[in-house]
Amino acid sequence: MLQNIRIVLVETSHTGNMGSVARAMKTMGLTNLYLVNPLVKPDSQAIALAAGASDVIGNATIVDTFDEAIAGCSLVVGTSARSRSLPWPMLDPRECGLKSVEEGQQAPVALVFGRERVGLTNEELQKCHYHVAIAANPEYSSLNLAMAVQVITYEVRMAWLQSQETEAAEVTESPYPLVDDLERFYQHMEKMMVASGFIREATPGQVMSKMRRLFTRARPEKDELNILRGMLSSLEKKREN
């Protein structure tokens, strides 16, 4: 199951951080590392700081875009401080661990960490189902990248160990759609909203951001998303006729 947990680093600028993250992951039993458009490729410094976790670095998947890194996942959690401008469903690290293990039984889960200095962009954060914030000392909340990964992966391991101690639940198909399906739904919805004149094609941002937040909060299941897509298709056909 732990192979279904992806640690995604976005545009990491220091190879040493990649190595330290690999070490943090492997100590908790995680090995699935994704690097999104790293500013520098893993090198000898990354291997040195991996301290025995060089296999995690060597097997890392390097992709060009954020969307590639989360493709096929049913749950995406982004690390972020609380946003005052656009509040998003939040988890603490313990809740993040429990939810990751629960959903990781059926489909891949992406735990996303942003750039060392500026974190994740608003667009990237809006593609996450939840945000997770580490409740550090407000007077000194200086966590580096590897420390943040260590905190989150520790909670994933604790949740996984807890799940091993309880009776294994019957494995069923994940009730939630993959992020790819959600993106197609958002694109379809935006297309219909533009076609109906509800929003302008040139400036869909604010309304679509709020719609993304609405459906992220509601977390529709596969069948519910299919109903919504069917409704949009029906309206589209009616409009064409």
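**Close-up views of a predicted model**

**View A: Helices α1 and α7 cross in a right-handed way.** A crossing counts as right-handed if the near helix is turned clockwise from the far one by less than a right angle, and as left-handed if anticlockwise. This is a predicted model, in which local features need pLDDT of at least 70 and side-chain atom pairs count only at pLDDT 80 or more, while totals for chains, interfaces and linings use all residues. To find your way around, count residues from 1 along each chain as its sequence is written, and remember that side-chain values use heavy atoms, with hydrogens and water left out. Helices (H or I, at least four residues) and strands (E, at least two) are DSSP runs, numbered from the N terminus. Helix α1 covers residues 15-27 and helix α7 residues 145-165; their axes lie 9 Å apart, at an angle of about 15°. Axes here are lines fitted to C-alpha atoms, for helices over the stretch in contact, and angles run from 0 to 180 degrees between N-to-C directions. The two helices α1 and α7 are therefore roughly parallel (under 35 degrees; over 145 is roughly antiparallel, 65 to 115 roughly perpendicular, and the rest oblique).

**View B: Helix α5 also packs on α7.** Look for residues 93-104, which form α5: its axis is 8 Å from that of α7, and the angle is about 50°. That makes α5 and α7 oblique to each other. Here, too, the crossing is right-handed.

**View C: The largest pocket holds about 640 Å³ of space.** Rolling a probe the size of a water molecule over the atoms shows where empty space is left. On a 1 Å grid over the protein atoms alone, a pocket is an open set of points with protein on both sides within 12 Å along at least five of seven lines, a cavity is a set where a 1.4 Å probe fits but cannot get out, and lining residues have an atom within 4 Å of a point. Grid points are joined across faces, edges and corners, and a volume is the space filled by probe spheres set on the points. Of the 24 lining residues, Thr79, Ser80, Ala81, Leu143 and Ala148 lie nearest the centre of the pocket. The lining has 14 nonpolar, 7 polar and 3 charged residues. Nonpolar covers Ala, Val, Leu, Ile, Met, Phe, Trp, Tyr, Cys and Pro; charged covers Asp, Glu, Lys and Arg; the others, Gly among them, are polar.

**View D: The largest cavity has a volume of about 70 Å³.** The structure holds 1 cavity of 30 Å³ or more. Its lining includes Ser74, His129, Tyr176 and Arg219, and α8 (179-195) and α9 each supply at least two lining residues. Sorted by kind, the lining residues are 6 nonpolar, 3 polar and 1 charged.

**View E: Arg219 has a positive phi, near 50°, although it is not a glycine.** You will find Arg219 in the loop between α9 and α10 (222-240). With 10% relative accessibility, Arg219 is buried (under 20% relative accessible area; exposed is over 50% and partly exposed in between, with a 1.4 Å probe and protein chains only). Asn37, another residue that is not a glycine, has a positive phi of about 45°. Asn37 sits in the loop between β2 (32-36) and α2 (44-50) and is partly exposed, at 31%.
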